[in-house]
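Reader: Please take one part of this chain and look at it closely. Then set that part in the context of the whole fold.

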Amino acid sequence: MKRVVIALGSACRQSVHIQWATSFLMSLLSDVSQSHAIWTRDIKGGSRWYMNRLVAGNTDMSYDELQDVLKDAEKRTDRSKENITIDLDILQYDGERHHLSDWNRPYVQQLIDYVI
């Protein structure tokens, strides 16, 4: 089993989509922990507000298999550059960090201790 940390973000019907993604990950992973959800401003300087959460758990999927499952879940939502329904990014897989620039984001630094 590999331990993973996944970042969740939504800019559209945020509470609904963060809860849906959390439930989806809870069905996909074992030994799941989750942070609380927080509101963050658009990092690109726009006026949108995002809701973010971190979820950690164990999986027997490879990194590529998990990535494919997460991207398929994103595609099932109404997602466009203007309408980020849900964004699911693997921040850590089996101790190896991914999306390195995301680790510097305040919400990741604020929430990581809840799931590690």
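Author: Strand S1 (residues 2-10) is mostly covered, with seven of its nine residues buried. Buried means under 20% relative accessible area, exposed over 50%, and partly exposed in between, with a 1.4 Å probe and protein chains only. Strands here are DSSP runs of E with at least two residues, helices are runs of H or I with at least four, and both are numbered from the N terminus. This is a predicted model, in which local features need pLDDT of at least 70 and side-chain atom pairs count only at pLDDT 80 or more, while totals for chains, interfaces and linings use all residues. Residues are numbered from 1 along each chain as its sequence is written, and side-chain values use heavy atoms, with hydrogens and water left out.

S1 pairs with strand S4 (residues 49-59): nine bridges join them, and they run antiparallel. Two strands pair if DSSP finds at least two bridges between them. In this pairing Ser10 stands opposite Met51 of S4. S1 also pairs with strand S5 (residues 87-93), in the antiparallel sense and over six bridges. There Val4 stands opposite Tyr93 of S5.

Asp68 counts as partly exposed because its relative accessibility is 48%. Between Asp68 and Tyr93 there are 14 Å in space, C-alpha to C-alpha, and they are 25 residues apart in sequence.

Now the whole chain. The protein chain has three helices and six strands, and along the sequence these follow the pattern β-α-β-β-β-α-β-β-α. Of contacts between residues at least 6 apart in sequence, 67% join residues at least 24 apart, where contact means heavy atoms within 4.5 Å.

Buried residues make up 47% of the 116 residues in the protein chain. The accessible surface comes to about 6400 Å², and carbon and sulfur atoms account for 47% of that surface; areas come from the Shrake-Rupley method with a 1.4 Å probe, and for residues only the protein chains shown count as cover.

The C-alpha trace spans about 40 × 30 × 20 Å along its principal axes. The radius of gyration of the protein chain is 13 Å, which agrees with the value near 13 Å for a compact globule of 116 residues. That radius is taken over C-alpha atoms, and the globule rule is 2.2 Å times the number of residues to the power 0.38.
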